[in-house]
Amino acid sequence: MTTTSHPIVAFIGLGHMGGPMAANLVKAGFPVQVFDLVPAALEAAAAAGAKVAASAIEAVKGAQVVVSMLPASRHVEGLYLGEDGLLAQIEAGALVIDSSTIAPASARKVAQAAAARGLAMIDAPVSGGTAGAAAGTLTFIVGGEAEALERARPVLSAMGKNIFHMGGAGAGQVAKLCNNMALGVIMAATGEAIALGVAHGLDPAALSQMMAVSTSRSWATEVCNPWPGVLPNAPASRGYEGGFGNDLMLKDLGLAAEAALGTGASIPLGELARNLYSMNSQAGRGALDFSSVVNLVRKA
Ligand code: NAD
C-alpha cells in the first residue's frame, strides 16, 4: 500500500493544532494512523479519513514517519522516553518529528534518546496558530540534522508553507521561543502606548493607523491590534475570543525564562512580559487572546 512519496505517518496528539494538521496529511494522500487520549479528537480524525489506533504504540506500527503535537515538555518526554516509551516501539529507520512547543533541553534529551536507538528526530515547532494549521500554511521552525529535515520536508510541506532550519537538535525550539518572546513584549508595549494616547483623548484607530506606518509598526499594530474596535477582525474586537491564548503565551515566556537560565543570556523585558501575562491570567483572562494583556492598563 505504501509508496515512496507517501510513507505511512503516525500522528499523536489531535488537539487544536494536531487535528487539522493530521487532516491535511490525509488530504495530501498520506496514509495516517492517529492516536489521542480524547475520544472526540479520534472521532474527528476518523471523519477526516485517518485510521484510528487504540494506543500510541499501535499507531506507530508500520509507520515510517511519526509526528507528535502535544501540549508541553512533560507530555513529550512521557510519550517517547522510558522503557515503555514510544522510542522503543518505533520501526527501525523511521523518522520522528515533534512539533509541540517545548523546552529546548527536553527536545535535545528526546533527540539524543532517539539517536541512541538509531532513529532520526527533528524538533519542528510551528507558528501560524489554529488558522494556519487548518489552512496548511504553518511555518515550521526546525532543529536537527539537515538530512533528517530533507526526509521530513514532504510531510511538513503538506501541513505548512514555510520551513526554516535553525541548527541542531533543540534549535527549532530556541528560535520559536525567541519569536514568541519578542511578540509578547511588543504586544504589551503596543497596548501600553495606545492606552497612553487614549488617556490624552486620542482616537485609538487614528493612533494605530499612524503607528502602523511609522517606526513602531508591527503585527500588533497592523494585524492583531489589542484595542477593541480598531481592527474588526482582531480578537480585541470580539471580546478577545479566539486567537492565541494568554496562557499559551505565558507558557512560552516561561520556557524562554528557563532557556535563559544557565546560558548567561539576560531577558529583562521577556521576564517583565511573563509577569504581565501571568497577572492577566490571574485577572481571569487566561483563556482569552494574549492581546487582552492591554486590559491591565486600559481604563476605557
Ligand atoms: P491541545 O491541548 O489542543 O492539544 C494537545 C492534544 O494532545 C490533546 O488533544 C491531548 O489529548 C493530546 N495528548 C496529550 N498527551 C497525550 C498522549 N500521551 N498521547 C496522545 N495524545 C496526548 O494543544 P494545541 O493547541 O493543539 O497545541 C499543541 C502544541 O502546539 C503546544 O505545544 C502549543 O504550545 C503549540 N502551539 C499551539 C498554537 C495554538 O495556537 N494553539 C500555536 C503554535 C504552537
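The paragraphs below take up salt bridges, a pocket, a cavity, the ligand and one backbone angle.

The model is predicted, so local features need pLDDT of at least 70 and side-chain atom pairs count only at pLDDT 80 or more, while totals for chains, interfaces and linings use all residues. Residues are numbered from 1 along each chain as its sequence is written, and side-chain values use heavy atoms, with hydrogens and water left out.

Side chains of opposite charge can pair when their charged atoms come close. Over the whole structure there are 4 salt bridges, a salt bridge being a side-chain nitrogen of Lys or Arg within 4 Å of a carboxyl oxygen of Asp or Glu. One of them joins Glu77 to Lys109, with 2.9 Å from N to O. Because Glu77 lies in helix H4 (residues 73–80) and Lys109 in helix H5 (residues 104–116), this pair ties together parts that are 32 residues apart in sequence. Helices (H or I, at least four residues) and strands (E, at least two) are DSSP runs, numbered from the N terminus. Glu77 is partly exposed at 21% relative accessibility, and Lys109 is partly exposed at 45%. On this scale, buried means under 20% relative accessible area, exposed over 50%, and partly exposed in between (1.4 Å probe, protein chains only).

Another salt bridge stays inside a helix. Glu150 and Arg153 pair at 2.9 Å, N to O, and both belong to helix H7 (residues 146–157), 3 residues apart, about one turn of the helix. Arg217 and Glu222 also form a salt bridge, with 3.0 Å between the closest N and O atoms. Arg217 is exposed at 52% relative accessibility, whereas Glu222 is partly exposed at 36%.

Rolling a probe the size of a water molecule over the atoms shows where empty space is left. On a 1 Å grid over the protein atoms alone, a cavity is a set of points where a 1.4 Å probe fits but cannot get out, and a pocket is an open set with protein on both sides within 12 Å along at least five of seven lines; lining residues have an atom within 4 Å of a point. Grid points are joined across faces, edges and corners, and a volume is the space filled by probe spheres set on the points.

The second largest pocket has a volume of about 160 Å³. Its lining includes Ala111, Ala115, Met121 and Glu145, and H5 and strand E6 (120–123) each supply at least two of the lining residues. The search finds 1 cavity of 30 Å³ or more. Asp98, Ala107, Ala111, Met121, Ile122 and Asp123 line the largest cavity, to which E6 gives the most, with 3 residues.

Around the ligand there are 23 residues, of which His16, Met17, Asp36, Pro71 and Lys251 come nearest; a residue counts here if one of its heavy atoms lies within 4 Å. A polar side-chain atom of Asp36 is 2.7 Å from an oxygen atom of the ligand.

Most residues other than glycine have a negative phi, and most peptide bonds are trans. Tyr240 has a positive phi, near 65°. Tyr240 sits in the loop between helix H10 (219–222) and helix H11 (246–260), and is buried at 5% relative accessibility.

Technical notes. A polar contact is a pair of N or O atoms within 3.5 Å; within protein, one must be able to donate a hydrogen and the other to accept it, and residues adjacent in sequence count only if both atoms are side-chain atoms.
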